[in-house]
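Hi everyone, thanks for coming. Let me put the structure up, and then I'll walk you through chain folds and charged pairs.

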Amino acid sequence: MSLTSDDVKRVAKLARLGLTQAETNETLTQLNSILGLVDQMQQTNTDGVAPLAHPLELTQTLRADQVTETNHREKYQSVAPQAEAGLYLVPRVVE
Amino acid sequence: MSQITDLTLAQLKQALDDGDLSSVEITTAFLDRIDSLNPELNAFITITHEDARKAAADADAARAKGKASAFAGLPIAHKDLFCTDGTRTTCGSKMLADFVAPYDAHVVSRCQQAGLISLGKLNMDEFAMGSSNENSFFGAVRNPWDPSRVPGGSSGGSAAAVAARMTPLATATDTGGSIRQPAALTGTSGLKPTYGRVSRFGMIAFASSLDQGGLIAHTAEDIALGLGLIAGHDPRDSTSADQAVPDYTATLSDPLKGKVIGLPTQFFDERLDPAMRQSMNDVLDVFRSLGATTVEVSLDHIAEAIPAYYVIAPAEASSNLSRFDGVRFGYRAEHPKDLTDLYERSRGEGFGGEVKRRILIGTYALSEGYYDAYYKKAQQIRRLIKQDFERALNQCDLLFGPTTPSTAFVIGEKTADPIAMYLEDIYTVATNMAGLPGGSFQAPLIDGLPSGYQLTGPAFGEGAILNAAHQIQTATDWHTLRPESL
């Protein structure tokens, strides 16, 4: 499978990743060579092999349903580019 | 006594315990060395002079009162991917160039509780994506053995700082080889523990099913000391294993007589560089002289590890890195015209080239219609790789091979070709896919540059790896070799 310039733009859009035209062109070549490497996987017969998502295959442990965290909103928001009155500010979405 | 900065962590601890050195003397010696070498090597992104000096004075005072914890006053430096409350954590990225985390990573807290003093934050490939440390927003790190060469990556700052004696111990992380490959290229010891052995809380995530924190130092003994501090269950990381932590130093001196070292045939086929083969044979001769035997084993699916890794790691990265949106923390583009523009430009301007490539590959692999061909296929191969390791480790105690195909390459040599860079990790990624512990330790020099051998053990077999490496280090002096220029 080989990507086109339009594919790269579509995927960049999905990832909300701004690319310049020059970046798109350069990336296209590199992504295609990476996908060429990745396509070596298709030579391996994996019929009937269960996918492995997690190396230890542990079951998730659950904790008691109790409040353990205190409120850190002020500290966490202190690193935001723009926050006010406990809210994160972004450009207007709804007119 | 030799120069303070030449000492290992164990030797420094002994000198502190015996009263031969104070923490202020030790801390000052390392800070002075950092100040003199960092302008050339660029191993540190942030140096915390004042905090370190104050902590050293406090540690000396506590020791004088007999109230110091075991490691009080000994130096460490953290890869700049471990969050540190009050000191910026950049992850090697423009995206986080001014980010000060509001909490400490579990590993950082554990080190602090033990009394270790942080000297600063270490350079790395951006978001731990890279094998040369050339992908850092803060510039490439140089190899202390030859400043025209790379130190490896992504924990290049950690490895270079230890190799140059700027710190005796450094934290590092390994997703596909990022501890072991730089350790090999800089003549240091590095251990990637079993997945789940060390909490990932406060480690900025790259690929969550592969990432694992570990250490780089001069010796297996020092890593055994450090691992005892940072390993163990942490409820804040749901993948952290609830397993007792053994005393890793207690088994260092176990004899190797009767131990079986497995040699994967795929690591020693005709593609192995002759000089690297000679280096590996030199190490194996020592293993045999210590009473270990060797057996050939097979890792049938090792060739598919890199292709499958370059689906799984980017897929998980594309998901993890979606948090960098210019809204809650990190870089925000100026004058966004709407919310989409804010997202796209903040991410487009804040991430470097390799990070963008991996986000795009991961997003593509996970996009509608491609899941079975890419992500599911890669996870199936992942199981085959894990089964290969299980079979091989049934026939031996540890697996042995080269850590890297060659010694450190020249800066710029592989930057234009992502595939050539990815193949640097050809011997290391499979270990992460299987979640197993792996260590890289010093082998003989090749043309004046370090080479490293890799030991892979069964899950939670860190003690066996460190034991074997310690026995080799007791019988040889490869781990004491240092760059002539330093």
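Chain B holds 15 helices and eleven strands (DSSP runs numbered from the N terminus: H or I of at least four residues for helices, E of at least two for strands). Its radius of gyration is 21 Å, close to the 23 Å that the globule rule gives for 486 residues, so chain B is as compact as a globular protein of that length. That radius is taken over C-alpha atoms, and the rule is 2.2 Å times the number of residues to the power 0.38.

A word on the model: it is predicted, so local features need pLDDT of at least 70 and side-chain atom pairs pLDDT 80 or more, while totals for chains, interfaces and linings use all residues. Residues count from 1 along each chain as its sequence is written, chains are lettered from A and ligands numbered from 1 in written order, and side-chain values use heavy atoms, without hydrogens or water.

Now, salt bridges: a side-chain nitrogen of Lys or Arg within 4 Å of a carboxyl oxygen of Asp or Glu. Which partners does B:D17 have? One is B:K13, at 3.4 Å, N to O; the two sit four residues apart in helix α1 of chain B, about one helical turn. The other is B:R63, at 3.0 Å. B:R63 lies in helix α3 of chain B, so this pair ties together parts 46 residues apart in sequence.

Is B:K13 buried or exposed? Buried, at 19% relative accessibility, where buried means under 20%, exposed over 50% and partly exposed in between, with a 1.4 Å probe and protein chains only. B:D17 is partly exposed at 42%.
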